[in-house]
Amino acid sequence: MIEIVKILHYAGYGFVVLGVLFDFFGCLGLIRLPDVYNRLQAATKCVTMGTCSIMFGVLLISGLGSQGIKAVFVIIFLILTAPTSAHALSRAAHIAGVPLCKRSVCDYYREDKVLRPEQMSAEEEKS
Amino acid sequence: MRAIRWLLGLLFLAMIVTWILISPPLSFLIRCFYIILLCGILCLYRILRGPTAADRAVAIDTLGILIVGFCAILSLSTGRSWYLDIAIAWALQSFIGVLALTKFLEGRSFDD
């Protein structure tokens with residue numbers, strides 16, 4: 001029994017280190033990448049994964065006490081809300097007219113808006 | 001010129017990270033804590049220098065999620081569980097704030 005608790009403890013610290021590394025690389029991408037959309041792609045995915053990993057480490061270390069239950073709630077909440085806010089941010093940046101990076105290849109959203117405006121407006125009315 | 005700037009920034013970051021990892025009297029969780037503080041400073045740089053408003057909104061979103069992890073490590077290192085209450089409340093507040101910012105960026109008003 002004590003062995004299992006010890007193994008869970010070390011695994012939890014491993015998840016905390018993994019999460020801190022993911023956070024650091026996400027913020028490095030937020031500094032280095034050339035464009036709003038690239039920055040959003042780097043920052044949101046890496047930082048969400050890193051924070052969920054830290055929370056999973058908290059759950060493994062402290063067991064199913066008050067800390068563990070709260071960590072599970074934070075994981076569920078982050079997985080539900082972070083992609084939503086990232087999607088809304090990219091859509092808002094595109095509508096506000098932020099230009100793409102010069103090296104980017106294609107822009108499907110603008111092509112859809114130019115080529116099929118009726119379908120886009122119908123979808124927006126539906127949503 | 002670009003390469004020199006890139007190298008200087010890389011050296012600066014590597015210096016800070018090695019100082020955090022090597023400096024003797026800190027415990028393990030406090031080192032993780034300092035690295036997340038460094039990430040927060042990078043986000044603050046993007047908020048300060050961002051060329052457009054969307055960059056700043058992205059950096060604010062990232063900073064909100066970072067502070068949630070920050071509260072988790074604080075709760076581990078002190079052993080108190082109410083730091084995770086702060087984390088839940090901060091995640092909710094940051095989500096609602098970013099949605100309001102996106103509505104503002106799209107050019108709509110708040111009651112659409």
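A:Cys52 is buried, because 23 other C-beta atoms lie within 10 Å. Here, buried means 20 or more other C-beta atoms within 10 Å of a residue's own, exposed means 12 or fewer, and partly exposed is in between, with C-beta atoms placed from the backbone. This is a predicted model, in which local features need pLDDT of at least 70, side-chain atom pairs count only at pLDDT 80 or more, and totals for chains, interfaces and linings use all residues. Residues are numbered from 1 along each chain as its sequence is written, while chains are lettered from A and ligands numbered from 1 in the order in which they are written.

**Around A:Cys52**

A:Cys52 sits in helix H2 (residues 36-62) of chain A. Helices (H or I, at least four residues) and strands (E, at least two) are DSSP runs, numbered from the N terminus. Leaving aside neighbours within four places in sequence, A:Cys52 contacts A:Ile75, A:Leu78 and A:Ile79. A contact means that two C-beta atoms, placed from the backbone, lie within 7 Å. A:Ile75 is 23 residues from A:Cys52 along the chain, yet their C-alpha atoms are separated by 5.5 Å.

**The helix itself**

H2(A) is largely enclosed by the rest of the structure, because 23 of its 27 residues are buried. After H2(A) comes A:Gly63, with a positive phi near 75°.

**Where the chains meet**

The contact takes 39 residues from chain A and 36 residues from chain B. On chain B, helix H2 (28-49), helix H3 (53-78) and helix H4 (82-106) each give two or more residues. H3(B) gives the most, with 15 residues. The table sorts the chain B side by class.

| Class (members) | Chain B side touching chain A |
|---|---|
| Nonpolar (Ala, Val, Leu, Ile, Met, Phe, Trp, Tyr, Cys, Pro) | 25 residues |
| Polar (the others, Gly among them) | six residues |

**Chain B as a whole**

Chain B has four helices and zero strands. Its pattern along the sequence is α-α-α-α. Chain B is more spread out than a compact globule, because its radius of gyration is 18 Å, well over the 13 Å that the globule rule gives for 112 residues. That radius is taken over C-alpha atoms, and the rule is 2.2 Å times the number of residues to the power 0.38. The C-alpha atoms of chain B fill a box of roughly 55 × 50 × 10 Å along the principal axes. Buried residues make up 31% of its 112 residues.
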